[in-house]
Structures are given as C-alpha cells and as structure tokens.
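Dear colleague,

Please find the structure below, followed by a summary of what was found in it.

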Amino acid sequence: MSEASGRLRARRRAAVLISGRGSNLRALIERCAAPAASAEIGLVISNQPQAPGLQHPRAAGIPCAVVDHRLGSRAKFEQSLSSVLQAHEIDLVCLAGFMRVLSADFVLRWRDRLLNIHPSLLPAFPGLDTHRRALAAGVRWHGCTVHFVRAEVDAGPIIVQGIVPVRPDDTEEHLAARVLAAEHRCYPLALDLVATGRARVEDERVVIDGAAPADQVLINPLANDS
Ligand code: GRF
C-alpha cells in the first residue's frame, strides 16, 4: 500500500431505511457519490415492497432489500433487518421516512450509529403532522432535526438542525416543501459529521469537532425599526 493510499480513511458503510418517497435517500445517495465522501450507501432497505423511493438505489446500482413488516412479529422483522444489515457489513444506519418504531433492544444495539431525520425543530413537535401543528401553534420558525435515535420516539442527541421561516400566508404544503429542502441539506451534512468521527456523543449531547457554529441572529418578522 502506498503512503498516500495508507493515509486514506476507509469509508463508513451506511444503510438507509425507508418506507415511501425517498427524497432524503436520494440526497444521501447524491452526496455519497462524491469522490471525497466519508460514507458510502451500501444498502437500502424498505419495509414497503412498493415504496417509490426504491427507484433511487436501483438507478444507482445500490443493493436494495425489502423487509416487509407484515410478514411476521416485530421481533422477526427486526431479526431480518439485523441479518441483512450484517450481511452487507453495514456500520451506520440512517432512518429516512422509515415509518416503523424500532424496539429498545434494536436501538441499543445500534446506539450512536443509528440516525433519524424528523421534520420539526425537536424537541418541539415530535410525532406526526408536524407542519400542521407548527402552523396551529403560530411559531415563527420551523425546520428539521437529524438526531441519534433513542428508544423514545423522536428523541435523542441532536446532530444538525435546519430552520426555515414560517410565513404569514403559509399553507401546510408550502411549509413542508421549505422544510424538505432544508432536510436535503441537513441529512448529508449529519451523515458526514458522524462518518468522519467529528460528531460524538458526550453526556447525551453531540459535540462536533472543527465545525464553525452558525453565528447569525435570525429574527422573524424582520424588524422595521431602522
Ligand atoms: C421527511 O419529512 C422526514 O423528515 C420524515 O419523513 C419524510 C420522508 O420524506 N421522517 P422522504 O421519503 O425522504 O421524501
């Protein structure tokens, strides 16, 4: 091995678990296709045989598996997930619109190697219908969170958040589209931070080495006091 190749870090092998559309999966595949990417998508698993998102790994030549949750107990389902992950030598798992709750045992086995994206600024609005609830609450800012998964649903150490303004005339659809665009930037960044080892959990908070923190104060609505 040459000195140069000896210095190259092996890419982490990530699996992405989906249930539907797969736009975050597509963003992760695109980022990981870059020559300097710190992770490769080595596997995509869907629990829904007809998930439209399966088209993205198929087009990119990435192995896909369907593990249908309806074909047995949750324990059986998770055993199947674990054996496929193991067979593909996966070391990081990204949940991306994966609509099954994983057991505490499974989550523990993948502790700090299991990521999720949620369409709100956690800990606000865990659960479903986040955009409708954000509009109903009248928040001025909304967004998305990439976090390490814990047994409690939509909770766990936060890696990256993206925020978007809520506009006075917003509809759920417009707000969802704005948040989704932020998701597509946040998830690849979070995976990179974890895959390079720059994001690590200390006392249940994520510490990030060498990343510049955002330094702006954002105010919505814009002040009219100048
Ligand atoms: C995203 O909004 C994600 O935050 C949530 O489910 C949605 C999945 O969208 N967990 P997609 O399948 O990645 O397009």
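The peptide bond from Asn 220 to Pro 221 is cis, with omega near 5°.

This is a predicted model, in which local features need pLDDT of at least 70 and side-chain atom pairs count only at pLDDT 80 or more, while totals for chains, interfaces and linings use all residues. Residues are numbered from 1 along each chain as its sequence is written, and side-chain values use heavy atoms, with hydrogens and water left out.

A cis peptide bond also joins Leu 122 and Pro 123, with omega about 10°; Pro 123 lies in the loop between strand 5 and helix 6 (130–137). Glu 89, although not a glycine, has a positive phi of about 50°, and is found in the loop between helix 4 (74–87) and strand 4 (92–95).

Turning to the ligand, domain 1 (1–110) and domain 2 (116–209) both give residues to the shell around it, so the ligand lies between them; the domain bounds come from an automatic or database domain assignment. The surrounding residues (a heavy atom within 4 Å) include Arg 21, Ser 23, His 118 and Glu 183. As for polar contacts (pairs of N or O atoms within 3.5 Å), an oxygen atom of the ligand is 2.7 Å from a side-chain N or O atom of Glu 183. A backbone N or O atom of Gly 22 lies 2.8 Å from a ligand oxygen atom.

Kind regards

How values were computed:
Polar contact = N/O pair within 3.5 Å; in protein donor to acceptor, adjacent residues only side chain to side chain. Helix = DSSP H or I, 4+ residues; strand = E, 2+ residues; numbered from the N terminus.
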